[in-house]
Amino acid sequence: MNKTYRILPFFIVLALLVPTAPAWAGEAQFAIKESHKDSNGVTLKTAAGSMRIEACGDRIIHVVAGPTGEIPAPKVPVVLQPCRADHVVVKIGKDVTLSTAGVTVSVNGTTGALRFLSKDGKEVLAEPKDGGKSFDVPSLAEMKTWQIQQSFVSPSDEFQYGLGQHQEGIFNVRGVPIRLHQANTNISVPFLLSSRGYGLLWNNPSLTDFNPADQAIAIDPATGKGKFTTGAKGSYGFLLASDNKDQLVVDVDGKHAINLVNMWTPSSASGVVDLEGKREYEITAKGGPGGLQLSARPPEDTTTFRSEMGQAIDYYFFYGPALNQVIADYRQLTGEAPMFPKWVYGYWQCRERYHTQKEILDVGMEFRKRNLPVDALVQDWQYWGKYGWNAMKFDETNYPDPKAMMEQFHAMDEHVPISVWSRFGEDSDIYKRMSAKSLLIPGTPWMDFFNPEGQKTFWAELKTGIFDYGLDGWWMDASEPEFDILKGHQTFLGSGESVRNAYPLYVTKAIYEGQRSTTDRKRVVIFTRSAYTGQQRNAAISWSGDISADWITFQRQIPAGLNFSMAGLPYWTTDGGGFFRPKDQYTNEAYHELLTRWFQYAAFCPIFRVHGWISNAEIWNYGPKFLDIATQYDELRYHLLPYIYSAAWGVTSKGETLMRALPLEFSSDPGSRAVSNQFMFGSALLINPVTVEGATQRQVYLPAGSDWVDFWTGKHTNGGQSITAEAPLERIPIYARGGSIVPFGPLVQSAAGKADPIDLRVYTGANGDFTLYEDEGDNYDYEHGARSVIPIHWDDKSSTVTIAAGEGSFPGMLEHRTFRIVIVREGHGTGIASTPDPDATVEYDGKAASVHVQPKM
C-alpha cells in the first residue's frame, strides 16, 4: 500500500498527517519462518526480515528486529559486554519462548508480537497484537520519513518515569509526547521506568519521539491562533517545536497546556490536558521568531518510541519487580558509576564568574576565615583571555601562576574544577592544531569526539594546558552539543543525525579515559550539561542547565532531577538559586526567600551547589538572615558526610541511587506513584522541599510500610498518609524512616576533616542496618581493596546496637574511633547540632561490639 503525503512547511502546519505502516508491516509479515536457538537466545527469520532475542541476565532481555536478514551492531555501544545469562531455556513450537530464572518472553508465531512475563506467569509488558513494529514511518518532525518505530501496550493505571531531565514539570510521562533531543536545560536519556516493575532501554542515539504526536494543528503565523477538534474524551498530549529562544507556550481555551519560559528554551516542549470528546478548542501558541510546529496525540493505551534513523529496532527489557533492582541491573549492563573523591560530596561554590587568580583565592580564604564549610570553588569560562575561546590555557595577565594557585587551594583543603568547552575559537592555536589534524566536525569549530584519535588529542591538550597545574575537575559545558550542531554534518561514526543524542557520552569518555590513563592518584570529576545512556560509567555529574530564578522553575527542578535519576544516572544537581537572577539580587527580599528555599533543597541534591549569572553568589552577599539559614544547611550537609559517602559507595558497588523518587523506593505503595515533589536522600531521609512563595506549611506524604520520625522534633507518625508539616522559612520538613541508622559526623570545614566521633542516630520503629564506608577519599586504590566497611545493626525489640567487626583497611584509616549512640525521640537527638548527651558510647577498635541501649530520660 502506497500513500502520498503532503509536504508541509515547518513553520505553518496546514494539514493533518496520520502515519500508516509500510506495506510489508501487516501481521503476516512478522510470522516466524525459521528459528535458530543457541545457549543465550534465539534468532528468528520472519517474512519482514529477522529478529534476535537474547538474555543478558536473569531479568534482562535484549530484542533486535530489522527489515533485513542481518542483525546489525549498534553504532553507539552503550552496552560494552556481550549478553550472557545462565540457564536460558528456549522452546520452539507454534510460538517461541525464552525463559530465564526471572522472566519469560513469548513470541507469537503468527504475528511476531512479544509478551514479557514474570516468573509466576504474570504479564508485565506486551507489544500490541500486530507486534507494534514499523519501519520508514511518516513523521511531522523535520518533515521526513523516520526509519524505525516500536509500540507497547500501556494499561491506563500505569505510571512511567525517566527519559532524562525535562523542564515542563511533568513527572509521570505515560502518554506524554516527548522529543528526546539534547539541548541546554533538556537532557534526553532513552530509558523508561514503569510502575509495573519493568524498565525499557531504547537503544538508539538519533532524534527520537516518545509517544509521537502526529495530529498537526494549524497555527496562523500572524495571530498565533488555531483550532483543534478532539475525538474521544481523555488526556491529550501536545508537542510544540520551535527554535531555541525564550518561550514555548500553548494555551487550550485560555489554559496553559505548555508553559516554558526562559532566557532560551529547548527546541520542543510537551504538555498534557484532559479534554472533552468531539469538541472544538481554541488554541494559542507562542514560540521563537523562526516559527513553530504544534501537534497533538489523542488518548491511547500505548507507549511508542520512534527514531529518525536506525537499521533496526533495538531495545532492552528489565524486570525488577522492585524498581531499585531495575536501576541496579541497568547499571550493571551499561557500566557502574565510579566513586568520586570525597570532596565532591561537600559544598560547591560557583558563579559566573571569577575573573582573576587573586579573586578566586580571596573567596577561598574568606570561606575559611568565616568558618563556612566548602570543598570546591569552580572557575567558569574566559580564564583563557587573549588566547581565544577555550584555548586550554590561562591568560597569565589575570592568572599569573596557576600551579601556585592550586597549591594554595589544596593547602586549604579546597578544590577547583574548571570550565572546558567542546568547541574552540577560530583564532586560537588549539583550533588550528585540531583543524590541521581533521579532528573537528567538518565545517564547524566543534570537536569530533566520536573519533578515537580526537578523544586522545583533546585530553593530551587538556593535560598539558590545565591538568598538569593541579586542577581538580572538569566542567564540560555545552556538551549537547549546543544548538544542535550535529544536524547536517558528518562525524567519524557517520551522519550527525544518526548519533545526535550520544555526543555527551563521548565527551565524557574522552576525559574519563584520558585522566585514568594518566594517573590513578586522582579520581575523575566531570560536571557536564548533558548526558546519555551509560554516561554514569564516565564519572559524570549533570546539572539542569541555564535556568531562571523563579518559583515555577524551582518547582520543576524536583521532578526533572527525579526523572533523571530514574533514567539510571545517579549524579545530578541544579544551579542553586537559579542561573538568571534578578539584577537586585543582593537586596531583593522576595528573591532571598526563593534563594533560601532553593539552598535548602540543594543541600540534599547528590551534588550541593549554587551558581548565578553575573553574580557574586557567595552566601554572605545576601544579608544576615539568609546567611544564617544557609550556614545551618551547609553545616548539616557536612554533618551528614559519613552518611552521604557511604550511600555513594552503595551507588558504586550495588547500583543504588542517592536521590530516590518515592515510586523508585516504594514501588509497591500506590500512594507514592504520583508524588513528584518529595524524595528520599539515601535510604533513610525523606526530603520535602518548600516550593511555594510565602508558605510556612506543606503537605507531606509519608509512604506506607514504615513509621516516620520528624528530623526536627523526634515525633513519630505512621506511614501511608498525608500530613500537614510545619515549614517556617528556616526549615523544610525532613523525616527519617523508622528502623534507620544515620551516622552524623562532627562539624568539619571540608570533607578532609576527621570523621570522629560519629553520632549513630537511631530512628526506632523497626530493625535497621547501615554500612559505614570509608577509604582514602581520593585515588583508585579502593578498586583494589583499599577500603573499609563497618556493618551496623539495630535490633528494635531488644533495643540493641551491634557494630560488627570492620572489614578491610586503607592507609590512614582510624585504628580507634568513638561511636555515640543516640536514640532519637522527642527532644533528643534532633536537628542540626550534635547531641551533647548520647544514650551510649562505644569505643571501637575494629572488633565487634554490641550494646543494649537504655534511652536516658
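Phe626 is buried in this predicted model. Its relative accessibility is 4%, and the cut-off for buried is under 20%. Phe599 is buried too, with a relative accessible area of 3%.

A pair of aromatic rings is described by the distance of the centres and the angle of the planes. The search of the whole structure gives 65 aromatic pairs. Phe599 and Phe626 form an edge-to-face pair, because their planes stand at 85 degrees and the class begins over 60. Their ring centres are 5.8 Å apart. The pair links distant parts of the chain, 27 residues apart. Phe599 belongs to helix α8 (residues 589-602), and Phe626 to helix α9 (residues 624-639).

Both rings also belong to a cluster linked by ring pairs.

Next, look at charges over rings. Arg516 lies over the face of Tyr780, 3.5 Å from the ring centre. Arg761 places its charged end over the ring of Phe744, at 3.7 Å from the centre.

The structure holds 8 cavities of 30 Å³ or more. What lines the largest cavity? The lining consists of His166, Glu168, Gly169, Ile170, Val173, Ile178, Ser270, Pro559, Ala560 and Asn563. Helix α7 (residues 551-565) gives the most to this lining, with 3 residues. By type, the lining residues of the largest cavity divide into 5 nonpolar, 4 polar and 1 charged.

How values were computed
Residues numbered from 1 in each chain as written. Predicted model: local features only at pLDDT ≥ 70, side-chain atom pairs only at ≥ 80, totals over all residues. Heavy atoms only, no water. Phe/Tyr/Trp six-rings, centres within 6.5 Å; stacked < 30°, edge-to-face > 60°. Helix = DSSP H or I, 4+ residues; strand = E, 2+ residues; numbered from the N terminus. Buried < 20%, exposed > 50% of the residue type's maximum accessible area, 1.4 Å probe, protein only. Lys NZ or Arg CZ within 6 Å of the ring centre and 35° of its normal. 1 Å grid on protein atoms, 1.4 Å probe; cavity = no way out; pocket = protein on both sides within 12 Å on 5 of 7 lines; lining within 4 Å. Points joined across faces, edges and corners; volume = space filled by probe spheres on them. Nonpolar A, V, L, I, M, F, W, Y, C, P; charged D, E, K, R; others polar.
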